[in-house]
Amino acid sequence: MAGEKKSLHPAFAVTNIKHLIPGILDIKQDEYSSWGFLFEIHLQAHGLLFLIDGSTNLADIDAVTEKQLDALCRQWMFATMTKDLMLTVHKKGKTSKEIWDHLKTLFQDNKGSRAAHLESKFINLKFSDCTSVDDYCDKLKSLSDRLSDLDFLMNDKRLVIQLVNGLPEEYNTVASFIQ
């Protein structure tokens, strides 16, 4: 109808995606699961999940706005990844879904080798590599969480055993209580 005003989609009001999706997706890190989870939540909150999951646009969004929202989604993706990763994926996809699918393949096809690398870091982490007990515990927990993101679950017993094994001799008394 003439004179009918078109409303602006709420996604266009997001001014800094980095506040909503903290952390940067990096091919050298293993935080894809966390990044993907947060990204999906963000898209779902704005009614844009259809851009990456292949479902049909159920909202009343015209084709022009849908293209603009897809471009916005790609901008969000690129803003939350390293430059090297961005240069790799932007060549592989022209839509948000194509980029999303490529990222998924890129990160999940390497699960075995990535997990082996993290497992090695986990096993070889020593207290002397850290600045404090808190730092040591945080690094072990972070490696454990990253392994879990790759579907290599780490139980609490294994985490505690590794924690104790990496402590220096002066912590032997504390280590015996922990065990």
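Me: How many helices and how many strands does the protein chain have?

Reply: This is a predicted model, in which local features need pLDDT of at least 70 and side-chain atom pairs count only at pLDDT 80 or more, while totals for chains, interfaces and linings use all residues. Residues are numbered from 1 along each chain as its sequence is written, and side-chain values use heavy atoms, with hydrogens and water left out. Helices (H or I, at least four residues) and strands (E, at least two) are DSSP runs, numbered from the N terminus. On that basis the protein chain has zero strands and 10 helices.

Me: What radius of gyration does the protein chain have, against that of a compact globule?

Reply: The radius is taken over C-alpha atoms, and the globule rule is 2.2 Å times the number of residues to the power 0.38. The C-alpha atoms fill a box of roughly 80 × 30 × 25 Å along the principal axes. For 179 residues a compact globule would have a value near 16 Å, but the protein chain has 21 Å.

Me: What percentage of the residues in the protein chain is buried?

Reply: Buried means under 20% relative accessible area, exposed over 50%, and partly exposed in between (1.4 Å probe, protein chains only). Of the 179 residues in the protein chain, the buried share is 35%.

Me: Which residues of α8 are buried?

Reply: Helix α8 covers residues 133–149 and has 17 residues. What covers its buried residues includes α7 (111–124) and α9 (156–165). The buried residues themselves are D135, Y136, L140, L143, S144, R146 and L147.

Me: What distance does α8 reach from its first C-alpha to its last?

Reply: The expected span of a helix is 1.5 Å times one less than its number of residues. For the 17 residues of α8 that expectation is 24 Å, and the helix comes close to it, reaching 24 Å.

Me: Which residue just after α8 takes a positive phi?

Reply: The phi angle concerned is about 70°. The residue that takes this angle, just after α8, is D151.

Me: Is I123 buried, partly exposed or exposed?

Reply: I123 lies in helix α7. Its relative accessible area is 37%, and I123 is therefore partly exposed.

Me: Which residues is I123 in contact with, leaving aside its neighbours within four places in sequence?

Reply: Contact means heavy atoms within 4.5 Å. I123 and Q162 are 39 residues apart in sequence, yet 6.9 Å apart in space, C-alpha to C-alpha. With those neighbours left aside, the residues in contact with I123 are R158 and Q162.
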